[in-house]
Amino acid sequence: MIEVQEFSKYYAETCAVNRISFRVDAGEILGLVGPNGAGKTTTLRAIAGIIPPTLGHITIAGHDVRANPLAAKRELAFVSDEPRLFDYLTVREHLRFFGRLYGTDDVEPKATALIAEMELGGKEDALPGALSRGMKQKLAAACALLHAPKALLLDEPLTGLDPVAIRRMKRTIRARADAGTAVIVSSHLLSLVEEISNRVLVLVQGHIAAIGRMDELKASIGAKADLEEVFLRITGASEFPPTNPPQEKT
Ligand code: ATP
């Protein structure tokens, strides 16, 4: 379970995210959408413990990300849209390395299963330099899933994937949620978000402009529409006043 309470992030005087609160329960997929610069990546990076919140608290499976970062990160996986891989580790070595890092049992059969699930068969001994962009994205996802995280953060997870891989990745995400993982998917692909999310959070200028199930969001604007229409109406109508930074900044 992921809990975000009164989270704010300032970069110097710039307020990227302003006092947002939400939670994602085990088994739930939350779609995170918003215009460029809305604060989506900032929010994901703070949940992942990569950047500290200026204000507020974030917990992963009950562990405060700031107070207890190791315990929180053990339960978490973050797949960014720019996969960071090790130049001198092969596909299988990546999985072994992540297995050791997280103290995962039965790494070899789990790695073999993930290599098959991500269609990386035949590339076990390849270095990242010999992988296509989509294959790198799949390897990053495989490494993230190896330790069966309780919280899974995905930033544009379909970037670079071909149509077959897109379908498989959607199934993988859904299967992880069905197995009890709390998932946040941030994407500009509104059809993906609409298809796989239980709830959607619309972030605008660092504020929550709307959060709810698709039918609730549609009802709130009175439109019989898809998420694109809902998105355009909500983001177009949302105006938030400028925010002064707090006294103590991080
Ligand atoms: P996009 O859809 O374009 O990826 P986003 O919703 O992920 O956007 P963020 O990357 O979180 O948005 O950025 C939110 C705000 O914070 C923007 O105003 C951005 O300029 C600012 N910002 C992000 N990272 C930094 C940084 N490292 N230093 C200063 N400002 C930053």
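**Figure 1. A salt bridge joins R19 and E6.** The side chains of R19 and E6 come together in a salt bridge, with N and O 2.8 Å apart. R19 sits in strand β2 (residues 14-24) and E6 in strand β1 (residues 2-11), so this pair, 13 residues apart, links distant parts of the chain. Strands here are DSSP runs of E, at least two residues long, and helices are runs of H or I, at least four residues long; both are numbered from the N terminus. A salt bridge means a side-chain nitrogen of Lys or Arg within 4 Å of a carboxyl oxygen of Asp or Glu, and by this rule the count comes to 14. Side chains of opposite charge can pair when their charged atoms come close.

A word on the model: it is predicted, so local features need pLDDT of at least 70 and side-chain atom pairs count only at pLDDT 80 or more, while totals for chains, interfaces and linings use all residues. Residues are numbered from 1 along each chain as its sequence is written, and side-chain values use heavy atoms, with hydrogens and water left out.

Figure 2. Around the ligand you will find Y11, A16, P35, N36, G37, A38, G39, K40, T41, T42 and H188, each with a heavy atom within 4 Å of the ligand. A polar backbone atom of G37 is 2.8 Å from a ligand oxygen, and a backbone N or O atom of A38 lies 3.1 Å from an oxygen atom of the ligand. From the side chain of T41, an N or O atom is 2.8 Å from a ligand oxygen.

Figure 3. An automatic or database domain assignment divides the protein into domain 1 (1-75 + 155-250) and domain 2 (87-148). Their centres, taken over C-alpha atoms, are 26 Å apart. Contact (heavy atoms within 4.5 Å) involves 13 residues of domain 1 and 14 residues of domain 2. The area buried between the domains is about 1100 Å², with carbon and sulfur atoms giving 53%; this is the accessible area (1.4 Å probe) lost when the two parts are put together, summed over both.

Figure 4. One salt bridge is counted between domain 1 and domain 2. R168 pairs with E119 in a salt bridge, their closest N and O atoms being 3.3 Å apart. On the side of domain 1 that touches domain 2, α2 (69-74) and α6 (163-178) each supply at least two residues. Helix α6 gives the most, with six residues.

Definitions and conventions:
A polar contact is a pair of N or O atoms within 3.5 Å; within protein, one must be able to donate a hydrogen and the other to accept it, and residues adjacent in sequence count only if both atoms are side-chain atoms.
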